[in-house]
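Let's take a walk through this structure together. Have the sequence and the 3D view at hand, and we'll go step by step.

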Amino acid sequence: MFRFLLSRLALIVPTFFGITVIAFLFPRLLKGDPVLLLSGERGVSPERYAMLNEQFGFDRPLIVQYFDYVWHLLGGDFGTSIATKSPVLHDFFALFPATVELSLFAVTFAVIIGIPAGIIAAVKRGSLFDQGAMGIALAGYSMPIFWWGLLLIVIFSTTLGWTPIDGRIGLRYFFDSVTGFMTIDALISGQRGAFSSAVSHLILPTIVLGTIPLAVIARQTRSAMLEVLSEDYIRTARAKGLPPRRVIGVHALRNALIPVVTTIGLQTGLLLAGAILTEHIFSWPGIGKWMLDSLSQRDYPAVQGGLILIALVVMVVNIIVDVLYGLINPAIRYRS
Amino acid sequence: MALLEVDNLTVTFRTASGPFVALDGISYRVDQREVLAIVGESGSGKSVAMLAIMGLLPPSATVKADRIVFEGRDMLAMTPRQRRQIIGKDIAMIFQEPMASLNPCFTVGYQIGEVLKYHLGMRRGARRKRIVELLEEVRIADPIHRMKSFPHQMSGGQCQRVMIAMAISCRPKLLIADEPTTALDVTIQKQILELLMQLQAEEGMGMIIITHDMGVVAETADRVIVQYKGRRMEEANVLDLFANPKSPYTKGLLAALPENATGDRLPVVADFTPDGPAAP
Ligand SMILES: Nc1ncnc2c1ncn2[C@@H]1O[C@H](COP(=O)(O)OP(=O)(O)OP(=O)(O)O)[C@@H](O)[C@H]1O
Ligand SMILES: [Mg+2]
């Protein structure tokens with residue numbers, strides 16, 4: 001297990017450097033000058049422009065800028081945001097919990113519905129439920145997030161007035177951030193109604209962000225279950241006289257979960273990409289919205305740092321998934 | 001008294017190319033402490049018959065029979081729930097592929113313990129003791145340690161021993177062994193067969209053993225049913241069958257034993273089937 005982890009960590013190094021190159025070049029390939037955007041409508045004199053350009057270091061050759069950036073990165077310095085003038089790392093971690101909270105809700109939503117739906121579809125293969133659920137899953141899988149989010153807002157927020165349109169909590173609640181998770185902080189604050197307000201703000205974003213993972217998990221669970229149900233050991237479990245609940249829910253599911261957990265883990269990158277759009281739709285103050293805002297201001301350090309940090313998060317989650325895969329699959333756990 | 005009586009069992013599968021009759025009106029009877037062997041080539045419906053009795057065929061199968069009676073109880077009239085109280089407990093079954101028959105995600109101890117819990121309601125401590133006992137009974141060395149192993153950490157022979165331990169855990173009255181040694185090495189085959197026969201004698205179980213191997217029949221069975229394409233070719237006492245086979249198909253099976261070879265090639269079963277020898 002330890003060696004396995006080491007080999008995974010060794011892979012991180014080249015991946016990390018690749019990502020720094022992409023993250024560094026990506027914002028610079030876009031049209032638009034951060035200095036000009038920073039000075040806004042009033043414009044800027046050529047002398048002041050030159051001064052600012054030098055101050056940010058944009059006057060140097062790209063290659064020098066890159067190595068300078070990486071050098072600082074290795075020391076843990078992600079630079080200073082041009083827009084907020086505070087360290088990128090600080091901005092990132094101030095907003096990251098909001099994204100994590102939303103993502104966790106979305107994944108939980110997808111798992112709680114997707115796994116049972118996949119199991120039932122597999123057990124009742126070819127039934128109306130199976131066909132219906134898989135049809136919906138296919139639709140959900142190809143749902144454009146932006147359109148889906150707007151549709152839900154129009155129905156449930158604007159027309160029915162059941163859910164709030166944006167933000168993380170009602171304006172009349174105010175308390176200090178302890179964990180950064182609004183639902184938990186609301187509970188800690190003890191203010192009446194704060195928790196339900198936080199939850200109601202999460203409902204639509206959770207559905208929007210969770211829809212694609214839900215579709216993927218339901219389909220993956222179904223196909224994994226179908227495969228497992230035809231295995232000899234399922235026949236053995238039934239020959240033991242075990243009730244169907246146990247044959248399916250324990251003997252089959254335990255095996256089917258191995259590929260499903262892997263799928264869920266590998267979806268993290270996609271989930272964060274989806275979070276960027278979802279946060280934009282619902283004005284959710286997380287890193288997704290922050291990244292988009294930084295991008296429109298050509299805030300190079302913020303965009304670069306954000307991309308690299310998101311990539312790091314995805315890599316760490318993938319390692320966790322690998323470890324988890326080993327833990328739930330005894331055949332791997334005991335190989336070494 | 002008959003332990004199991006099956007009259008006129010017919011199994012039809014719904015398939016893409018229309019109904020397929022896998023079993024065409026065969027009757028089986030096993031007495032207490034009796035060993036019945038069922039022989040016949042691949043596809044003759046041996047496994048299907050046993051799975052039909054256990055109620056384990058997929059929904060695509062239609063099972064018809066005049067009677068399926070176990071210990072005087074009519075299995076055909078039972079609800080699935082009532083049937084589950086019998087299978088795994090009074091009627092147990094072991095299969096051809098021991099490795100694949102055990103769940104790779106659970107320890108062998110857990111998989112044996114499950115039977116004890118569901119059928120006998122044994123508690124944790126009692127289960128543990130009984131699992132060790134059972135593993136000793138099937139001659140697995142170091143059972144306290146071994147019960148924590150996963151199937152992939154064991155050999156095929158050991159897995160089959162675990163399957164046997166699981167099958168005998170509730171002291172069944174009937175043990176169905178579907179080609180229990182086919183997937184194993186020759187030396188292991190002999191050990192497993194000896195173990196099975198010893199347990200059968202000790203526990204006084206009735207047993208149905210399915211095999212291709214007339215050698216196995218000679219060593220184990222009291223009575224033999226020879227089956228071909230879902231039909232019964234012959235049923236006889238084992239000594240009578242070897243001394244005086246009636247159907248040409250049985251003669252073929254016996255002639256195909258290496259020790260009966262005459263001439264320059266081994267006879268094959270196809271030479272004797274009702275359809276006649278295959279064209280050269
Ligand atoms: N689920 C099923 N659907 C359709 N046909 C089936 C199914 N199960 C078995 N059969 C068919 O029924 C026939 C009898 O199969 P069975 O498994 O009983 O043979 P067998 O005598 O046990 O052979 P073997 O010695 O290879 O185990 C075969 O022709 C097989 O193709
Ligand atoms: Mg068979």
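How many nonpolar, polar and charged residues are in the lining of the largest pocket? Sorted by class, 24 are nonpolar, 4 are polar and 8 are charged. Keep in mind as we go that you're looking at a predicted model.

Let's stay with that pocket for a bit. The space in it comes to about 1200 Å³, and 36 residues line it. To find its centre in your viewer, look for A:Arg238, B:Leu56, B:Leu57, B:Pro58 and B:Pro59, which lie nearest to it. The element that gives the most is H10(A), with 4 residues.

Now let's see how the two chains meet. On one side, 28 residues of chain B are in contact, and on the other, 22 residues of chain A. The area buried between the chains is about 2200 Å², with carbon and sulfur atoms giving 60% of it. There are also 2 salt bridges between chain B and chain A. You can look one up yourself: A:Arg246 pairs with B:Glu114, and their closest N and O atoms are 2.7 Å apart.

Which parts of chain B supply the side that touches chain A? Helices H1, H3 (98-101), H4 (108-120) and H7 (156-168) of chain B each supply at least two residues. H4(B) gives the most to this side, with 6 residues. By class, this side of chain B has 17 nonpolar, 8 polar and 3 charged residues.

One more stop: the cavity. The structure holds 1 cavity of 30 Å³ or more, and the volume of the largest cavity is about 80 Å³. Residues of both chains line it, including A:Thr236, A:Ala239 and A:Lys240 from chain A, and B:Phe95, B:Val115 and B:Met163 from chain B. H10 of chain A turns up here too, as it supplies at least two residues of the cavity lining, and so do strand S7 (91-94) and H7 of chain B. The largest share, 3 residues, comes from H7(B). Split by class, the cavity lining has 8 nonpolar residues, 2 polar ones and 1 charged one.

Key:
Residues numbered from 1 in each chain as written. Chains lettered and ligands numbered in written order. Predicted model: local features only at pLDDT ≥ 70, side-chain atom pairs only at ≥ 80, totals over all residues. Heavy atoms only, no water. 1 Å grid on protein atoms, 1.4 Å probe; cavity = no way out; pocket = protein on both sides within 12 Å on 5 of 7 lines; lining within 4 Å. Points joined across faces, edges and corners; volume = space filled by probe spheres on them. Nonpolar A, V, L, I, M, F, W, Y, C, P; charged D, E, K, R; others polar. Contact = heavy atoms within 4.5 Å. Buried area = accessible area lost by both parts, 1.4 Å probe. Salt bridge = Lys/Arg side-chain N within 4 Å of Asp/Glu carboxyl O.
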